[in-house]
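I set out to record what I looked up in this structure, entry by entry.

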Amino acid sequence: MTYRTELNQDIAHLGNVELLTPQPERSLWYFKDVLGMEEVHVQGGSVYLRGYGDYAASTLKLTAAPRAGVGCISWRAASPEALQRRAKAIDSTGLGLGWSDGDFGRGASYRFRDPDGHLMEIYYEETKYRAPDALRSTLKNLPQKYIGRGANVRRIDHLAVLARDVAANRTFMQKHLGFRLREQVLFENGQLELGSWLSTVPTHHQIAYVKDVKGASGRLHHFSLWVDNREDVLRAADILVENGIFIEAGPSKHNNSQGFYLYSYEPGGNRIEIYSGSFLVFAPDWEPVLWNEEERGTGVYWGAELPESFINYGTPDVTNAPSAPKSNIPVFDPY
Ligand code: FE
């Protein structure tokens with residue numbers, strides 16, 4: 001079950017997430033004015049943004065599209081050699097798409113799809129953010145001025161994607177990209193893998209794979225942005241409501257990951273989490289924490305139960321699509 005990958009440290013961290021939106025102007029307003037991200041570049045149908053604590057030129061790419069969902073998920077490699085090694089390893093799986101010159105702020109990138117079809121890429125060359133005078137912090141080690149606009153998210157943290165076969169995707173990320181398994185939800189005496197949380201850094205997870213109860217592929221459950229403390233999550237809730245944004249769940253605390261969460265829908269339809277708390281993992285021999293039906297409960301440590309939409313809704317929305325067999329739709333909370 002646990003794939004030993006302790007020697008593979010080729011992936012440094014989650015670098016960039018592209019979100020697709022049918023409401024590009026409204027989505028930009030949400031991330032820029034309501035959440036406090038900074039717009040740094042516009043290219044084609046895309047706007048590039050960043051959190052004030054992100055070191056990279058851009059960490060979120062918003063792209064106009066007919067339907068909401070996740071575009072390319074970009075991982076930074078630890079070195080040029082690491083990039084070549086991972087590209088070679090992925091190429092051998094048949095899931096590779098090949099090289100590109102790279103997106104805004106990044107150098108050569110190797111693109112591929114995970115087994116469920118999510119588009120990903122690995123790159124090494126990164127343009128570090130250089131703040132213009134108006135956005136330069138007086139704190140030398142802060143890449144951008146602390147503006148305090150809206151929810152004022154500091155940085156990107158993680159994403160959760162839906163998959164038809166969680167185990168296949170989890171194994172792919174462990175074996176070919178060196179991800180470490182943090183926690184799992186395993187039902188039916190361990191035979192049904194409903195969710196797996198993985199990371200390459202001490203933060204609890206950078207990606208989670210969760211069973212797609214609709215049986216679709218390539219979908220997003222949520223994208224998560226970090227704030228420094230739980231009070232900031234509560235403040236974000238006030239700001240979201242004042243701006244007419246629908247809050248789906250939280251603020252509450254999960255059992256798995258111990259995350260303090262708040263989920264809303266950005267105007268394009270993607271579920272966005274404002275996140276804090278959680279815990280760091282330093283042990284190189286970390287033993288994944290496994291949760292069965294009884295231990296898992298509803299996935300909420302304390303706070304209100306999660307709504308049905310939290311299990312059934314992802315982007316792109318396939319509400320009218322037939323559901324997977326009933327036995328595959330337990331009450332389950334993918335964050
Ligand atoms: Fe999350």
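**Basis.** I worked from a predicted model, in which local features need pLDDT of at least 70 and side-chain atom pairs count only at pLDDT 80 or more, while totals for chains, interfaces and linings use all residues. I numbered residues from 1 along each chain as its sequence is written, and side-chain values use heavy atoms, with hydrogens and water left out.

**Entry 1: the iron ion.** I looked up which atoms coordinate the iron ion and found His 158 (NE2), His 222 (NE2) and Glu 273 (OE), at 2.0 to 2.2 Å. Donors are N, O and S atoms within 2.8 Å of the metal (3.2 Å for Na, K and Ca); water is not among the atoms, so sites may look incomplete. Along the chain, the donors of the iron ion follow the spacing H-x63-H-x50-E. His 222 lies in strand β13 (residues 220-226) and Glu 273 in strand β16 (residues 271-277), so this pair ties together parts that are 51 residues apart in sequence. Strands (E, at least two residues) and helices (H or I, at least four) are DSSP runs, numbered from the N terminus. I noted that His 222 and Glu 273 are both buried, where buried means under 20% relative accessible area, exposed over 50%, and partly exposed in between (1.4 Å probe, protein chains only).

**Entry 2: aromatic pairs.** I found 13 aromatic pairs in the structure. Rings of Phe, Tyr and Trp (its six-membered ring) pair if their centres lie within 6.5 Å; planes under 30 degrees apart count as stacked, over 60 as edge-to-face and the rest as tilted. The ring centres of Trp 226 and Tyr 275 are 6.0 Å apart and the planes stand at 65°, so I recorded this pair as edge-to-face. Trp 226 lies in strand β13 and Tyr 275 in strand β16, so the pair ties together parts 49 residues apart in sequence. Trp 226 counts as buried at 15% relative accessibility, and Tyr 275 is buried at 1%.

**Entry 3: Asp 54.** I located Asp 54 in the loop between β3 (46-50) and β4 (60-64). Asp 54 is buried yet has no salt bridge; Arg 50, the nearest side chain of opposite charge, is 5.7 Å away. A salt bridge requires a side-chain nitrogen of Lys or Arg within 4 Å of a carboxyl oxygen of Asp or Glu.

Methods:
Lys, Arg positive; Asp, Glu negative; His and termini not counted.
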